[in-house]
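Reader: I am new to this structure and would like to learn how to read it feature by feature. Could you take me through some of them slowly?

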Amino acid sequence: MKKLIILLAMSGILAHAATTPKQPTWTGSWAASPLALHISAPPAAAAPSGTPAASPAPAPSSPATVPAAPNTSGTTYRDIVHLSLGGSALRLRISNEFGATSLTLGGVHVALSNGGNTIQPTTDHTVTFGGAETVTIPAGALAVSDAVAMPVAPFANLAVSIFIPYQPDATLTYHALGTSSNFIVPGNVLTAATLDAPKKVSSWYLLKGVDVDAGANAYDVVTLGDSITDGAKSSIDHNARWPDVLAARLQANPKTAKIGVLNEGISGNRVLHDGAGPNALARFDRDVLSQGSVKYLIILLGINDIGNTMRHPGTPDAITADQLIWGLQQLAVRAHARGIKVYGATLTPYGGAGYQDATGSAMRDAVNNFIRTSGDFDAVIDFDKVTRDPAHPETFLPLYDSGDHLHPGDAGYKAMGESIDLKLFQ
């Protein structure tokens, strides 16, 4: 009798296991650090017209104000994003983290991009939130979508279309430097295969991340940085940033093919003070630690702290090398507390840039010496050594210089991404 009871119990467990759906294992495949963008309506006497956003400059510490009115029929934003990791399903992270008021999503769709603003209609999926097609996100919060049963390959280009009903005055969350073509159009045209006369912009709106069900043993590398990580001066729509190069190499290596790369660079960002977006210490939890699948972190930050000090000596935002080093140590300590391996990247040359001088060069040398020798990092990625001109170490090798002597061009980003030892991720 006892054996019969045990067998019945076991058969019940097996039946339950057979009918219980597999739970996804989520890993980040694409990400962008959020910033604030203020959308203002015209005076009451003026008739609303236009669309909410011109292609904006990188956001300052307070929200940028765009002198265009929200369209009274609402607005559809179509973000085009390039995944790093494939999976059997996906989910979206849509952000109102910089919103001053709640934000209603009137609908969200995701499809494979067919180039430009077009989608592949047979791949179009409605995205839901708790089973609903619309959701209101509180101010300062984000919304994670339900799973979308849409298999995607590594490096797929997704078109994420988000409809926002009319709001006369709002602060949107966006990422300024997308280095990709994205689109804005009046009205609810979520399912349109081709948008009619959209406004082309280079920023991503509202979308903060794409996670994929990549199965067990999938992890992420987060690249935390400024414009040199964000991809300033790289070719539009070519995915030529150094994190993109790293992602392609990881995917091509069987031992690292289940590692995604999340680019959390913000152009103009600093370690210790707000400027283009919140300082790195302030945004660290939101942009790095909130990524549940992060196992590795590469930090390339500090050149804007130095540059600001050279431009504005004696101001409250001016810093010393020791203060900048302390800030980098804080980032490493906080990541290590979560079991994340931290790799310090040396600051690239900037000789010939508008604010470079001997004092700034001495600060950069001191910071790079700390990164190379302190032992605060699990490994060093020596971007300075890779990109500098051996005959003139304070400057880029001419082949790698974008022309402004501060940012690499495509060849420089390629050299940076190819220089990283993949054994760091095995």
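Predicted model: local features only at pLDDT ≥ 70, side-chain atom pairs only at ≥ 80, totals over all residues.

Reader: Which residues does Gly 351 touch, not counting residues up to four places away in sequence?

Author: With those close positions set aside, Gly 351 touches Gln 356, Glu 394, Thr 395 and His 405.

Reader: I would like to turn to charged side chains. How many salt bridges does a search of the whole structure find?

Author: The general idea is that side chains of opposite charge can pair when their charged atoms come close. A search of the whole structure finds 14 salt bridges. One of them joins the side chains of Arg 372 and Asp 382, with a distance of 2.9 Å from N to O. Arg 372 belongs to helix H7 (residues 358-373), whereas Asp 382 is in the loop between strand S21 (379-381) and helix H8 (383-387), so this pair ties together parts that are 10 residues apart in sequence.

Reader: Which residues are linked with Arg 372 and Asp 382 in a network of salt bridges?

Author: The network links Arg 364, Arg 372, Asp 382, Asp 384, Arg 388 and Glu 394. Within it, Arg 388 and Asp 384 form a salt bridge whose closest N and O atoms are 2.9 Å apart. Here the two partners can be read separately, for Arg 388 is partly exposed at 29% relative accessibility, while Asp 384 is buried at 4%. Glu 394, a member of this network, is also one of the residues that Gly 351 touches.

Reader: What separates Glu 418 and Lys 414 in helix H9?

Author: As a general idea, an α-helix has 3.6 residues a turn, so residues three or four places apart point the same way. Glu 418 and Lys 414 are four residues apart in helix H9 (residues 410-419), which puts about one helical turn between them. These two side chains form a salt bridge, with 2.7 Å between the closest N and O atoms. Glu 418 is partly exposed at 42%, and Lys 414 is partly exposed at 43%.

Reader: How many residues of helix H4 are buried?

Author: Helix H4 (residues 280-289) is mostly covered, with seven of its 10 residues buried, among them Phe 284 and Asp 287. The elements covering those buried residues include strand S16 (207-213), strand S19 (294-300) and helix H6 (321-336). At the N-terminal end, Asn 279 caps H4 through a side-chain oxygen that lies 3.1 Å from the backbone nitrogen of Leu 281.

Reader: In what sense do S1 and S16 pair?

Author: S1 and S16 pair in the antiparallel sense, over five bridges, and the bridge partner of Gly 28 in S16 is Asp 211. Five of the six residues of strand S1 (residues 26-31) are buried, so this strand is largely enclosed by the rest of the structure.

How values were computed: Residues numbered from 1 in each chain as written. Heavy atoms only, no water. Salt bridge = Lys/Arg side-chain N within 4 Å of Asp/Glu carboxyl O. Helix = DSSP H or I, 4+ residues; strand = E, 2+ residues; numbered from the N terminus. Buried < 20%, exposed > 50% of the residue type's maximum accessible area, 1.4 Å probe, protein only. Contact = heavy atoms within 4.5 Å. Polar contact = N/O pair within 3.5 Å; in protein donor to acceptor, adjacent residues only side chain to side chain. Pairing = 2+ DSSP bridges.
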